[in-house]
Amino acid sequence: MFKAVLSILLLLALPAAAQTPAKTLFGAKSTPSNQSARAYGSYAKGCLAGGEELPETGPTWQAMRLSRNRNWGHPDTIDFVKRLSRKAVDAGWNGIYVGDISQPRGGPMLSGHKSHQMGLDADFWMLPAMDLTLSRQARENISSISVRSANQRNINSNWTRSHHEILKAAAQDPAVARIFVTPPVKLKMCGDEKGNRAYLRKIRPWWGHHYHFHVRLNCPRGARGCVEQDPIPAGDGCRSAIWWVTEALEPPKPAPKPQKPVKPKGPIVLADLPQQCSGVLKSR
């Protein structure tokens, strides 16, 4: 009884920020921290100091869903977005539509992604960006297109060679760690590529990702406090990708009943993030 009362008293004594979900704290910040650019923590548990804003419209890109205020990233990411948008022009589009990058100070988001927390992740729409004069309102209402068939096993008629070339250009960029795509895209690219296949290793199949592809950058060179994801397995990954359109889509087997009820995880709080993230929040 005494221990239970003591635990409650200790919990009440904690600062409010320590108990508030981190997504609430970071989601409330509409501007970046007044710090040098740094990525702290990991892609799914971190924050961003000194974030840079991707301009809403550029010569070869437009940022979408501006009301979300997620067109912020590490300067390396902003530079990459601009590079890739020029490659999209080379592939036959007028540019590229950019989805979520990060919040101004990174961290967990109020909705959606579990990653995108260090400003080193960026989403790009599968919809060809042929019109780069969209208004803010149009960018709220327009939707991307799916390149996956209804049975989730193949690409559909929306897929073009331009998609292939843009993804190839992204994967060949040395700043890129990996790219998440719907599994049929991985298999289509594996089947179509007749040249150097080394870049295919970075094209990783993952659930969803048929309306957009997700680029993840490496930690900036020499960055302290930035944690890389585990290395990608050797090889081009084409054979192993078959699992995603075969066994992965079969009806799941009944899961064994757990011996003890599994306690659901609570939301990430500030204490779960690197200690530098507290300074990121406090900075003006």
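Close-up 1. Glu193 is buried, with a relative accessible area of 5%, where buried means under 20% relative accessible area, exposed over 50% and partly exposed in between (1.4 Å probe, protein chains only). The model is predicted, so that local features need pLDDT of at least 70 and side-chain atom pairs count only at pLDDT 80 or more, while totals for chains, interfaces and linings use all residues. Residues are numbered from 1 along each chain as its sequence is written, and side-chain values use heavy atoms, with hydrogens and water left out. Glu193 forms a salt bridge with Lys168, and the closest N and O atoms are 3.4 Å apart; a salt bridge is a side-chain nitrogen of Lys or Arg within 4 Å of a carboxyl oxygen of Asp or Glu. This pair links distant parts of the chain, since Glu193 lies in the loop between α7 and β10 and Lys168 in helix α6, 25 residues apart. Lys168 also counts as buried, at 17% relative accessibility.

**Close-up 2. Helix α6 and its surroundings.** Helix α6 (residues 161-172) has twelve residues and reaches 16 Å from its first C-alpha to its last, close to the 16 Å expected at 1.5 Å a residue; the expected span is 1.5 Å times one less than the number of residues. Helices (H or I, at least four residues) and strands (E, at least two) are DSSP runs, numbered from the N terminus. Nine of the twelve residues of α6 are buried, so the helix is largely enclosed by the rest of the structure. Lys87 belongs to helix α4 (residues 75-90) and is partly exposed, with a relative accessible area of 44%.

Close-up 3. The side chains of Arg161 and Glu165 meet in a salt bridge at 2.9 Å, N to O. Because they are four residues apart in helix α6, Arg161 and Glu165 are separated by about one helical turn. Arg161 counts as partly exposed at 44% relative accessibility, and Glu165 is partly exposed as well, with a relative accessible area of 32%.

Close-up 4. The side chain of Arg216 meets that of Asp121 in a salt bridge of 2.6 Å, N to O. This pair links distant parts of the chain, with Arg216 in strand β11 and Asp121 in strand β8, 95 residues apart. Arg216 is buried at a relative accessible area of 7%, and Asp121 counts as buried at 0%. Arg216 also lies over the face of Tyr43, at 4.4 Å from the ring centre; a charge sits over a ring if NZ of Lys or CZ of Arg is within 6 Å of the ring centre and within 35 degrees of the ring normal.

**Close-up 5. Aromatic pairs.** The count comes to six aromatic pairs, where rings of Phe, Tyr and Trp (its six-membered ring) pair if their centres lie within 6.5 Å, and planes under 30 degrees apart count as stacked, over 60 as edge-to-face and the rest as tilted. Phe124 and Phe213 form a stacked pair, 5.3 Å centre to centre with 25° between the planes.
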